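Have your viewer ready and keep the selection tool at hand. We will go from stop to stop, with a short note on what to select at each one.

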Amino acid sequence: MRETHGPVFSLNLVATTFNLFISPAHQATFWRVSDDDFSLNQIFIDRCGPLWNPDATAETVALLMKQLTLAFNRSSRLQAFCRAATPVIHNIVKDAYAGQRVDLFEMASSLAIRVSLRVFFGKRFHDAHADRAMVLVRQLEKDIMSPINSIFPGWPLPPNRRMAQFTATMKAWLDEEIQHRLAARSAAAHDAKIGAVDGTSDAEPDDYLEVSYAIVMHFATILLAAHTNTAGTIGWTAFHLARDPALQDDVRQQLAAEASAGVDPTGTTDLFSSCIRETGRRYSSLFKVRKAVRDTEFDGYFIPKDQLLAISSACNALDPASFGSPLEYDPRRWMDGRTDGIANGREVAQFGFGKHKCLGERLALMTFRQIVFPALLAEHRLELVDPDASVEPNYFKTMGTPFSAEPVLVNVSRL
């Protein structure tokens with residue numbers, strides 16, 4: 001792309017202009033831009049308008065994200081999330097392995113959505129709505145990524161009509177859940193509220209986050225965000241472990257040793273962490289986008305109000321100047337000094353960077369390490385059904401980490 005169009009070029013999308021900057025230097029600047037100049041939240045409001053409360057503003061969304069971040073990242077809360085997620089993950093893996101042949105990305109998608117429903121909404125909500133929610137969330141992501149929605153955001157075309165239907169369904173489910181909880185708690189007659197992270201235990205903690213009824217539809221975006229990177233990261237990491245039996249054995253031994261010792265590692269240069277990081281590099285999202293909220297500049301280029309600013313994470317992560325043999329999946333590049341020159345990780349930012357870092361990153365990494373991959377590997381071996389098949393990512397169907405363009409099947413056998 002850079003060779004064809006140069007490091008900076010613009011694309012007319014009818015409703016707006018897309019300004020793409022392709023170089024590691026521009027990406028480093030991108031993570032430092034001010035929300036007063038370039039808004040991430042406004043991108044969500046424009047592309048996912050039917051998901052939001054009609055009165056939502058970028059400031060409303062920013063406040064919600066700040067409140068959720070404070071609730072998500074307490075250590076006690078993260079452990080409670082993991083306890084709630086564990087039986088769901090084990091049941092999904094058990095059911096998938098019963099057939100001995102598994103579609104990795106189908107399983108990963110199911111796992112991410114069902115765990116999110118159980119953790120964020122509670123067991124009752126999960127049991128009542130998980131099957132239908134999986135269909136809705138997958139379609140929602142396709143509609144958000146639809147080319148029609150990119151060119152005509154907010155227009156009453158099929159993608160936006162389906163988003164409106166998704167919102168109405170989720171709101172009806174949440175309204176019913178709210179009423180159930182209020183009745184169970186004999187709540188006083190005040191504005192209805194729902195615990196955003198109430199699914200983690202039978203007895204609700206006193207300090208759980210509450211979100212006003214007026215913004216319950218924002219839960220739809222929390223559910224979607226929990227799917228975009230999590231499922232793709234699980235799928236690609238499992239794919240490469242199945243492709244490389246020696247790497248699979250090494251990761252299995254590491255996770256078993258950690259479980260046996262009862263340790264909770266927090267480093268980023270061990271083998272398993274390096275696998276997750278390499279997945280994030282090799283299968284980085286194609287674009288990261290902001291919207292200019294006023295006439296402004298980016299790295300010396302004038303960007304008019306309402307135009308889009310974008311970087312290509314995938315182009316930078318696959319740049320031979322930054323990463324030797326960039327198409328090779330090589331987790332040990334993060335362990336042996338070959339990436340020491342990478343500038344503060346900005347060339348690879350799978351979960352975002354700085355103030356817009358994904359609020360669920362710690363939860364995702366914890367569940368990968370403590371639950372998901374031990375469940376996948378502890379007692380079973382994964383082997384690709386077709387080791388010689390070409391497996392390529394499709395960057396245009398998911399919002400974050402891409403899925404494979406075609407199903408990836410593995411055979412499962414007991415150790």
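Start by selecting strand E2, residues 17-21. Thr17, Asn19 and Phe21 point one way from E2, Phe18 and Leu20 point the other way, and all are buried (under 20% relative accessible area; over 50% is exposed and in between is partly exposed, with a 1.4 Å probe and protein chains only). In a regular strand, side chains alternate between the two faces of the sheet. Because 5 of the 5 residues of E2 are buried, the strand is largely enclosed by the rest of the structure.

A word on what you are viewing: this is a predicted model, in which local features need pLDDT of at least 70, side-chain atom pairs count only at pLDDT 80 or more, and totals for chains, interfaces and linings use all residues. Residues are numbered from 1 along each chain as its sequence is written, and side-chain values use heavy atoms, leaving out hydrogens and water. Helices (H or I, at least four residues) and strands (E, at least two) are DSSP runs, numbered from the N terminus.

Serine 10 stands opposite asparagine 19 in E2. Between the two strands of this hairpin are 4 residues, and valine 14 takes a positive phi near 75°.

Next, select strand E10, residues 308-311, which pairs with E2 in the parallel sense over 4 bridges. Here isoleucine 311 is the bridge partner of phenylalanine 21.

Move on to aspartate 319, in the loop between helix H14 (313-317) and helix H15 (361-377). Is this aspartate buried or exposed? Aspartate 319 is buried, with a relative accessible area of 10%. A polar atom of its side chain lies 2.9 Å from the backbone nitrogen of alanine 321.

For a helix pair, select H11 (residues 230-243) and H12 (residues 245-261), whose axes come within 5 Å and cross at roughly 115° (axes are lines fitted to C-alpha atoms over the stretch in contact, with angles from 0 to 180 degrees between N-to-C directions). Leu241, Ala242 and Arg243 of H11 meet Pro245, Leu247, Gln248 and Val251 of H12 (contact means heavy atoms within 4.5 Å).

Finally, colour by pLDDT, the predictor's confidence in each residue, from 0 to 100. Over residues 187-214 it stays under 50. Where pLDDT is low, the predicted coordinates should not be read in detail.

Terms used:
Polar contact = N/O pair within 3.5 Å; in protein donor to acceptor, adjacent residues only side chain to side chain. Pairing = 2+ DSSP bridges.
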